[in-house]
Amino acid sequence: MPRPILATVHADALQHNLARARHFAPDARVWAVVKANAYGHGIERCFDALRSADGFALLDLAEAERLRALDWRGPIHLLEGVFEPRDLELCSRLHLWHTVHCTEQIDWLAAHKTQVPHRIFLKLNSGMNRLGFTPAAFRSAWARLNALPQVDEISLMTHFSDADGARGIAHQVAAFEAATADLPGERTLCNSAAILRHAKLALRGAQSLSADWVREGIALYGSAPDFPEKRVSDWDLQPAMTLSSRVIGTQTLQAGDTVGYGSTFTAEGPMRIGVVACGYADGYPRHAPTGTPVLVDGVRTRLIGRVSMDMITVDLSSVPSAGIGAEVVLWGRASSSSGEVLPIDEVASSAGTISYELMCAVAPRVPFSST
């Protein structure tokens, strides 16, 4: 039989989480952000569940081709735009909408020979200081694009740096309003954190700043963008991925016994431990410490000792009946009748990272299924 590790993608959770974005931004259209192979979930595995999205947003031209091969005929937005002039040919052929964030991309468009004018999202650097035109340069960039026959409609966008934290979005909203005042075109500002936390600010005024589109990324996959201040349960989000395995061996320890490489865990008294078929070669974080939560047969317990390439060890003290074959959920939903959920945010936090990294790091050797 195959090694008993499995990543399961839950279509019902994806549909539910998409509906949550519509709940918080009811007048906006929703981009389902599927960059990085749908945050590690797999574009093909997620597509049917996300067909009701108004469009898909991503970075990679090959991923855009995969969506078109799935017979998606709606909008696809390249969030970082094109990376070289010849990419514009594929944008024309696949009818891709794309971001323009620098003068070089405008130059490429000006030299591009096409019979199909392009739909552009002109990006403002409103304070993130990654991609985008500064407020001082934004209007001249808009004027250049507006004069090009290669350009059809110009939409306006920015990206928030602190929507998940105390600083919030007000300073960037003000910069966006000032830079785009009186300019025509649809707007897209809100990422997951802004959709959930700042709907009133982002939806105010005659020109809705959620604007005509919101971009749901991490929340779509069932992670709270502002964890630990808020948990997925606070936003009524559901985990879209479960990473599960099985206990493949057990040991009984006595006080003073150690576990794993480096003997980083020492038993304080008699205890049972389970050995689980999962390790850093599967994408589980090697730096996850003793105490990182896991579920065994739907019961919350903890990782102990050091993560190795193919195995971890877990404390079975709270699950005395668990033996070989017991289900272990590394994150996501238990299949037991308890329906216990272990949020990926908690695992990531214990390991000193974020849920995005864990989702995207699931290794190719891990088989996937869909429900």
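Trainee: Where in this predicted model is Gly279 placed?

Mentor: Gly279 sits in the loop between strand 13 (271–276) and strand 14 (293–296).

Trainee: Why is Gly279 called buried?

Mentor: Set its value against the cut-off. Buried means under 20% relative accessible area. Gly279 has 0% relative accessibility, so Gly279 counts as buried.

Trainee: Which residues is Gly279 in contact with?

Mentor: Leave aside the neighbours within four places in sequence. Gly279 is then in contact with Arg3, Tyr284, Val307, Ser308, Met309, Asp310 and Met311.

Trainee: How far is Gly279 from Leu183?

Mentor: Their C-alpha atoms are separated by 52 Å. Along the chain, the two are 96 residues apart.

Trainee: What about Arg272? Why is Arg272 called partly exposed?

Mentor: Arg272 lies in strand 13. Arg272 has 26% relative accessibility, so Arg272 counts as partly exposed.

Trainee: How far apart are Arg272 and Val319?

Mentor: They are 47 residues apart along the chain, yet 9.2 Å separates their C-alpha atoms. Arg272 is also in contact with Val319. Other contacts, leaving aside neighbours within four places in sequence, include Thr250, Gln251, Thr252, Leu316 and Pro320.

Trainee: What makes helix 5 mostly covered?

Mentor: Helix 5 spans residues 87–94, and six of its eight residues are buried. They are Asp87, Leu88, Leu90, Cys91, Ser92 and Leu94.

Trainee: What covers the buried residues of helix 5?

Mentor: The cover includes helix 4 (61–69), strand 4 (76–78), strand 5 (97–100), helix 6 (103–111) and strand 6 (118–123). After helix 5 comes His95, with a positive phi near 55°.

Trainee: Which residues are buried in helix 8?

Mentor: Helix 8 covers residues 170–180. Its buried residues are Gln172, Val173, Ala175, Phe176, Ala179 and Thr180.

Trainee: How do you know that they are on the same side of helix 8?

Mentor: Look at the arc. They cover only 160° around the axis, so they lie on the same side of helix 8. There is a general rule behind such patterns. An α-helix has 3.6 residues a turn, so residues three or four places apart point the same way.

Trainee: What comes just after helix 8?

Mentor: Asp182, which takes a positive phi of about 75°.

Trainee: Which phi does Tyr39 have, and is Tyr39 buried or exposed?

Mentor: Tyr39 is not a glycine, but its phi is positive, about 50°. Tyr39 is in helix 2 (residues 35–39). Buried means under 20%. Tyr39 has 5% relative accessibility, so Tyr39 counts as buried.

Trainee: Why is Asp71 called partly exposed?

Mentor: Asp71 has a relative accessible area of 47%, so Asp71 is partly exposed. Asp71 lies in the loop between helix 4 and strand 4. Its phi is also positive, near 75°, and Asp71 is a residue other than glycine.

Trainee: What joins Phe227 and Pro228?

Mentor: A cis peptide bond, with omega about 10°. Pro228 lies in the loop between strand 9 (213–216) and helix 11 (232–235).

Trainee: Which residues touch the most other members of the largest nonpolar core?

Mentor: Leu122, Leu145, Tyr221, Tyr284 and Trp331, in a core of 113 residues. Helix 1 (residues 11–24) gives the largest share of this core, five residues. Apart from this core lies another, of seven residues, including Leu253, Phe265, Ala267 and Ile273.

Trainee: What does Trp331 touch?

Mentor: Not counting residues up to four places away in sequence, its partners include Met241, Leu243, Tyr284, Leu342, Ile344 and Val362.

Trainee: Why do such cores form a common pattern?

Mentor: In soluble globular proteins, nonpolar side chains tend to be buried together.

Trainee: How many residues does the protein have, and what share is buried?

Mentor: There are 371 residues, and buried residues make up 55% of them. The secondary structure comes to 13 helices and 19 strands.

Technical notes
Residues numbered from 1 in each chain as written. Predicted model: local features only at pLDDT ≥ 70, side-chain atom pairs only at ≥ 80, totals over all residues. Heavy atoms only, no water. Core = buried A, V, L, I, M, F, W, Y, C linked by side-chain atoms within 4.5 Å. Buried < 20%, exposed > 50% of the residue type's maximum accessible area, 1.4 Å probe, protein only. Helix = DSSP H or I, 4+ residues; strand = E, 2+ residues; numbered from the N terminus. Contact = heavy atoms within 4.5 Å. Arc of directions from axis to C-beta.
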